[in-house]
Amino acid sequence: MHKYSPAVQRPIHYERGRAMIICSAVILLALALACSRPAENPAPTASNNDPDQLLRQMSETLAQAKKLTFKVDRKLDAALVEDSMVAENAQIEISASRPGKFQAISNSKEGVRRIFFDGQKLSIYDETMKLYATVPVSGTIDDAVAKIDKEYGFTPPLAEFILNDPYKALSQQIKSKAYKGKESIAGVECHHLSLSGDVADSDLWVGTADLLPRKLVATFKDREGSPKLQADFSSWNLAPTLDDSIFVFAAPKDAENIEMVTEAKMKETAEKESAAPESTTPQQSTKPVVTRKGT
Amino acid sequence: METTNIDYSGRHRVAGERSSAIMGVLLGAILLASASVALAQVYGVRRTAVVHGPNTTVVASRTTVVHGGAALPHGYIAVLPGGYHAVVVSGARYYTVGGIYYRPQMYGGRTVYVRVHI
């Protein structure tokens with residue numbers, strides 16, 4: 001007598017199919033669970049100094065802050081500054097409200113510049129020259145930074161640190177990471193991470209207690225002399241009281257609206273100028289009126 | 001039964017190929033989206049720049065310039081020469097120094113000045 005009756009015997013393909021369905025269900029369940037809750041990362045410890053894990057934790061700390069403000073003291077070697085033979089220092093104050101508002105104020109010997117993004121438009125105000133430009137940009141901070149970068153060829157200073165997904169932007173620039181130990185930066189104990197990328201190699205110091213970036217030194221490898229950018233972060237506040245009105249640019253009465261030139265238009269201009277260096281803009285007949293003297 | 005099996009597995013294979021193709025397209029779309037989001041700048045320093053040759057202007061794969069500012073084409077300056085005057089022409093502000101007129105524009109996140117003839 002057969003152990004099993006023919007009625008309960010199944011073809012091999014049937015059993016395989018059933019196994020595949022079960023496996024698929026298990027995988028889908030695991031994926032659903034993974035997506036339904038944020039990853040729980042253990043607090044960094046002496047035995048858990050994985051640089052990628054620390055970078056993720058720093059990014060999550062920043063991303064989880066609905067609103068944040070911080071200051072950056074940025075130093076740039078002269079080779080990184082256009083039309084300049086000297087290094088540049090700038091004090092930058094950044095305020096952000098997730099997901100779609102930020103303001104950055106940069107104060108350097110060039111003057112004071114403010115960048116506003118209110119979720120609908122981005123404005124840059126040259127406070128020193130009283131000139132501003134506004135372009136329509138909607139979406140999140142990440143959307144705005146990506147669009148401005150692509151169309152207008154710039155990003156707000158250190159924008160990687162205010163994106164809604166900082167890890168994504170940072171990891172795209174990093175090819176390898178290493179943990180260099182603990183060091184003190186301005187009296188704060190930090191993890192020292194060494195990050196190597198195609199364009200720049202960076203050293204990043206992240207606070208051991210609060211997992212916030214404290215210092216960044218980026219060395220640009222493809223430039224003669226390997227110039228450096230140094231950013232010292234301070235005054236972190238991950239729960240500031242920010243009125244939405246600070247992200248909306250209101251043009252002062254004496255400020256003039258000027259064009260924000262796209263990367264494509266500038267490239268076209270560059271090509272035309274190369275072909276005909278003496279080309280000019282259309283003649284204008286109105287007699288100029290002197291209104292202000294510069295220095 | 002065997003015919004049914006072949007038919008069944010065959011459909012499975014076709015479905016699997018379709019799934020692979022769809023997954024491929026989705027993966028490609030995700031990668032493209034990631035690439036488009038990837039910043040062309042590193043901490044505000046551009047990866048590319050306009051480089052002027054004796055007769056040509058090309059975009060070179062090298063880092064230059066900061067706070068977004070790219071290398072400027074011929075006819076543009078980043079800082080006005082000393083002693084400039086602000087003037088208004090047809091309601092628009094220009095700057096002049098030494099008989100040369102400049103029109104301000106915003107480029108690369110900062111004010112630049114393009115030489116114009118008035």
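Is Phe70(A) buried or exposed? In this predicted model, Phe70(A) is buried, its relative accessible area being 2%.

Over all chains, the structure holds 10 aromatic pairs. One of them joins Phe70(A) to Trp236(A). The two rings are stacked, with 4.2 Å from centre to centre and 20° between the planes. Phe70(A) belongs to strand β1, residues 67-76 of chain A, whereas Trp236(A) belongs to strand β11, residues 228-237 of chain A, so the pair ties together parts that are 166 residues apart in sequence. Trp236(A) is likewise buried, at a relative accessible area of 14%.

I turn next to Tyr132(A) and Phe249(A). Their rings form a tilted pair, 5.1 Å centre to centre and with 55° between the planes. Because Tyr132(A) lies in strand β6 (residues 131-136) of chain A and Phe249(A) in the loop between β11 and β12 (256-257) of chain A, this contact ties together parts that are 117 residues apart in sequence. Both Tyr132(A) and Phe249(A) are buried.

Returning to the opening residue, Phe70(A) is part of a cluster linked by ring pairs, together with Phe161(A), Phe233(A) and Trp236(A).

Finally, I come to charges placed over rings. In chain A, the ring of Trp205(A) has the charged end of Lys215(A) over it, 5.1 Å from the ring centre. In chain B, Arg103(B) lies over the face of Tyr94(B), and here the distance to the ring centre is 5.4 Å.

Note on methods
Residues numbered from 1 in each chain as written. Chains lettered and ligands numbered in written order. Predicted model: local features only at pLDDT ≥ 70, side-chain atom pairs only at ≥ 80, totals over all residues. Heavy atoms only, no water. Phe/Tyr/Trp six-rings, centres within 6.5 Å; stacked < 30°, edge-to-face > 60°. Helix = DSSP H or I, 4+ residues; strand = E, 2+ residues; numbered from the N terminus. Buried < 20%, exposed > 50% of the residue type's maximum accessible area, 1.4 Å probe, protein only. Lys NZ or Arg CZ within 6 Å of the ring centre and 35° of its normal.
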